[in-house]
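The following paragraphs are meant to be read alongside the sequence and the coordinates.

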Amino acid sequence: MKLKPKIGLEIHLQLKTAHKMFCRCPLPSKDAAPNSVICPICLGYPGILPQLNREAIEKGIRLAQALGAKIASRIRFDRKNYFYPDLPKNYQISQKGAPLAEGGEVLVDYLSFDKKRSESFKVTLNHLHLEEDTGKMIHEGGPSAGSPQLGSGQAGRPATLIDFNRAGVPLLEIVTEPIIASAQEARLFVKELQRVARALRVSEASMEEGGLRVDANVSISRGQEAGSTKLGAKVEIKNLNSLVALKKALEYEIKRQTGLIKKGEKIIQETRGWDQKESKTYGQRTKEYSADYRYFPEPDLPEIVLSPLPSALHPLPVLPGTLRRKALKKGLRAAKVYMLEDLGRLEKFLQKTRRKGIDIDQVASSLLSPRPGKTYFKTLPSDIGEIIQQVLAENPQQVYNFKQGEKGKLNFLVAQVLKKIPSADPREIRKKIEEAID
Ligand SMILES: [Zn+2]
């Protein structure tokens, strides 16, 4: 019996707008004091009226367009009712019946295992909808995020603090069809989505700062192409907040469910969390169904009619996939295409090689390698945090030894990062690794 995982993702992307989704509070900066960027609206006081943020709708449309989704002509907001300490209104304004856009398709390119070719796969989208973010709970002195137990606060008592700065930040939720075939594909898809969102300047899409969070659902089916039979119930893993966590949690969950099926045991439809420290998923609650949320149209916001804009008014920038394919077509080796992309220099490469008769390899090398006596690239790639997290996850022993006082291990870790981004400034990387381990 060949068993195949089917993965669907829900990506919550914070949109970069001047104000929150339904009030005039600015978006909180990283270092804003807790509960300092709030007002009666985002705190959900009784009697408040939401004021719709036009910019969030426009940015959502832009991303939906770039992902090939069909923008709705009329959209509506709905109340999703549930109780949670970080949701003071007891409902979240979201979209259920008439979302922003439906369908869409993302072509994800990646460097083949032998690093010789560029390969790709497609992910189809179900829909995209807008909603507001919730507040953030901080388990004080606690173990790793996502761990089921609480930590100890003052006087040794377990304590959970709530910061409402994030409440009301605009979110675009991107929901894929359950067709992703592996943990690695899921990771590559999210990475591509990050690149597209950044190219469009609609979001920082930083997983480190919580600007992009992923829920993943996994089910296992028998691997016949036509009419594959579903064997297991759908299990959802909530709040995966790094690419490493996403990949590891999915790998663990696929193994767990496959093992249960092989033993003839039943898989329960439930929501699970990811325990980073223990590297495993754990049961949180049996899954809610849509009816449990008693969705109904938000009475304080009218239905919105979106008139189609002439595309000339909002030309999309050249998307990352187009840049890659252009560079490949010029004959640049696939490995170099991806290296240049990671450094954010692919567009520069294409500009410099526009004229005929230019030695493309020379241009690529000059963009990739630091010249003697010259400075290194000062700007690290935007996903440097994730690259470092990946290196740390791949080298737990060295990290442990470093923490135990073997300061020399830091050089080893810097070297591992430099392998992935050859011409970055080692001093900058050193600083970033020290911050990450702290
Ligand atoms: Zn507010």
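A nonpolar core is a set of buried Ala, Val, Leu, Ile, Met, Phe, Trp, Tyr and Cys residues joined through C-beta atoms within 7 Å. A residue is buried if 20 or more other C-beta atoms lie within 10 Å of its own, exposed if 12 or fewer, and partly exposed in between, with C-beta atoms placed from the backbone. The model is predicted: local features need pLDDT of at least 70 and side-chain atom pairs count only at pLDDT 80 or more, while totals for chains, interfaces and linings use all residues. Residues are numbered from 1 along each chain as its sequence is written.

The largest nonpolar core comprises 66 residues, and those with the most contacts inside it are Leu13, Ala186, Phe189, Ala216, Leu246, Ala249 and Leu250. Two or more residues of this core come from each of strands S1 (3-14), S8 (118-132), S11 (170-176), S12 (212-222) and S13 (235-240), and from each of helices H1 (54-66), H2 (183-199) and H3 (243-262). Helices (H or I, at least four residues) and strands (E, at least two) are DSSP runs, numbered from the N terminus. H2 gives the largest share of the core, eight residues. In soluble globular proteins, nonpolar side chains tend to be buried together. Apart from neighbours within four places in sequence, Ala249 is in contact (C-beta atoms, placed from the backbone, within 7 Å) with Ala216, Ile237, Leu240, Trp274 and Thr281.

The chain is divided into domain 1 (3-305) and domain 2 (320-437), with bounds that come from an automatic or database domain assignment. Taken over C-alpha atoms, the centres of domain 1 and domain 2 are separated by 29 Å. Across the boundary, 17 residues of domain 1 are in contact with 15 residues of domain 2. On the side of domain 1 that touches domain 2, strand S7 (105-111), H2 and H3 each supply at least two residues, and the largest share, five residues, comes from H2. The residues of that side divide into seven nonpolar, three polar and seven charged. Here Ala, Val, Leu, Ile, Met, Phe, Trp, Tyr, Cys and Pro count as nonpolar, Asp, Glu, Lys and Arg as charged, and the others, Gly among them, as polar.

Helix H4 (residues 320-329) packs against helix H5 (residues 334-342) at an angle of about 145°, with axes 10 Å apart. Axes are lines fitted to C-alpha atoms, for helices over the stretch in contact, and angles run from 0 to 180 degrees between N-to-C directions. Pro320, Arg324, Ala327 and Leu328 in H4 meet Ala334, Val337 and Glu341 in H5. The residues of this contact divide into five nonpolar, no polar and two charged.

Thr17 is placed in the loop between S1 and H1. Thr17 counts as buried because it has 21 C-beta neighbours inside 10 Å. Leaving aside neighbours within four places in sequence, its contacts are Leu27, Asn53, Glu55, Ala56, Lys59 and Pro170. Thr17 and Pro170 are 153 residues apart in sequence, with their C-alpha atoms 7.8 Å apart in space.

Most residues other than glycine have a negative phi, and most peptide bonds are trans. Asn239, in strand S13, has a positive phi of about 55° although it is not a glycine. Asn239 is partly exposed because 16 other C-beta atoms lie within 10 Å. Phi of Asn90 is likewise positive, near 70°. Asn90 lies in the loop between strand S4 (78-81) and strand S5 (91-94), and it counts as exposed because it has 11 C-beta neighbours inside 10 Å.

Methods: Two residues are in contact if their C-beta atoms, placed from the backbone, lie within 7 Å.
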